[in-house]
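Hi,

Here's the structure I promised to pass along. Have a look at it first, and then read on for my notes.

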Amino acid sequence: MTISQESVIQEYETKVQDTNGCPGHFTAQEQRKLGKLWSMLLDHYKSDQEKTINVNGELVQRISRDWSGLDVHEGHLSDEEPEVVTRRAWKFTKGESGLRRLNIRSRIEKPNREKQALDRHVNETVQQYIDRTAGRHVPVLPDSFFPSFKHPRTDTRNLYDTFWGAVSIKQHPDILLHRYLRVSGWDVEKAFALAKSVVEWRASEAIDKINYEGEMGVGCDELRLGMTRLVGRDRLGNPLLFVRVKRIMPRANEGYVFKRYLVNKFDLMQTVTRKHARITMLYDFTGFSMDNTPFSMVYFMVLMGIRYYAEASGVMLLLVDSWLFTNFWSLIRPFLDVNLSARIVFVKTVDEVRRFVDDDQLPVELGGKNTFATNFVLPKEGENAP
């Protein structure tokens, strides 16, 4: 299903979101394809529920924290220049085999795979399953699902559990698979391959652990600088993520630190959207330089948009006032697919931003009336301990 930028802009002009191909608005053919994708994935993961994959991705490298060098009032640094922020709270350490892996606190218990399975029919979507079993107390997730961070093994991840952990992020499990179908042009085989690759990526990078640790597991400087924040909603009611590009300094830390921050932020955004809603991203490029956007980081962000978090973004507004952006755009453009390109809109002035975001939702620093401000409080070791 291909979209155009004109159709995206029209949604904001009319304040009516296009729901074609979205949950609750499927055609009969789209519903059949979603049901088939569900059957293929359920059969694939049910055939070998104990299959695991090694946790050996880039994002699981460990940074040990020494909070003693930070004063309690140093948590929020959004008014400081990124270049002057030191890395006093972060020390890179190595273990016996090179990079030390995250030490995951887990309960010493094993999953019971003999519990009651879901009463799902072949080629049935979750919504059809819910409708068919109306009036009965039935689970949407299988009883045998075992959250990955509870496993006694910390160096592997179970693909069956990783799959169910991923589809349960959203309010409705159909939504994630529906997005894979949309980004794959409703080709079930392509969507199946994409879903498997994303599950394997989430397992190898222990994404569940990144989410479980929260702020304690992502970059301290990234949080203190307030590079991104959810500030309100756009004209369609989608959550609005404000990104101050000038404050992104990935070269100040190892690259994986900022990538882990992005993954944590994107997973968090999945929990604040409902039904077919997407995140609207407003990138403020005022005063940015190429140091803020190295190629490896740009490429990773593109992968997040077209693969790992496909169809998660509604529209990306790029507020640009610099000729340097021409170089930046030349790095990105070759990797974008048609639908993601259609959702990227260039705006030169704040007045153009107002076509998508009402004044009461626009941050004050951009001339709007939204006075929301973040005040990051430093996390404490052990604050999430049971």
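How many of the residues of strand 10 are buried? Before the answer, one caveat: this is a predicted model. As for strand 10, seven of its seven residues are buried, so to speak "mostly covered".

Strand 10 covers residues 313-319 and runs parallel to strand 11, with four bridges joining the two. Leu 282 stands opposite Leu 317 in strand 10.

**Helices around it**

Follow the chain from strand 9 through helix 10 (residues 295-308) to strand 10 and you have a right-handed β-α-β unit.

**Aromatic pairs**

The structure holds eleven aromatic pairs. Take Tyr 45 and Phe 163: their ring centres are 4.9 Å apart and their planes are at 20°, so this pair is stacked. Tyr 45 sits in helix 2 (residues 28-46) and Phe 163 in helix 4 (residues 159-167), so the pair ties together parts that are 118 residues apart in sequence. Tyr 45 has 4% relative accessibility and counts as buried; Phe 163, at 2%, counts as buried too.

Then there's Trp 201 with Tyr 308, with ring centres 3.8 Å apart and planes at 5°, so that pair is stacked as well. Trp 201 lies in helix 6 (residues 188-204) and Tyr 308 in helix 10, so parts that are 107 residues apart in sequence are tied together. Trp 201 counts as buried at 9% relative accessibility, and Tyr 308 counts as buried at 14%. Ring pairs also link Trp 201 and Tyr 308 with Phe 266, Phe 300 and Tyr 309 into a cluster.

**An arginine and two rings**

Last stop is Arg 120. Arg 120 lies over the face of Trp 38, 4.7 Å from the ring centre, and also over the face of Tyr 129, at 5.6 Å from the ring centre.

Cheers

Notes:
Residues are numbered from 1 along each chain as its sequence is written. This is a predicted model: local features need pLDDT of at least 70, side-chain atom pairs count only at pLDDT 80 or more; totals for chains, interfaces and linings use all residues. Side-chain values use heavy atoms; hydrogens and water are left out. Two strands pair if DSSP finds at least two bridges between them. Buried means under 20% relative accessible area, exposed over 50%, partly exposed in between (1.4 Å probe, protein chains only). A crossover is right-handed if, with the strands pointing away from the viewer, the path from the first strand over the helix to the second runs clockwise. Rings of Phe, Tyr and Trp (its six-membered ring) pair if their centres lie within 6.5 Å; planes under 30 degrees apart count as stacked, over 60 as edge-to-face and the rest as tilted. A charge sits over a ring if NZ of Lys or CZ of Arg is within 6 Å of the ring centre and within 35 degrees of the ring normal.
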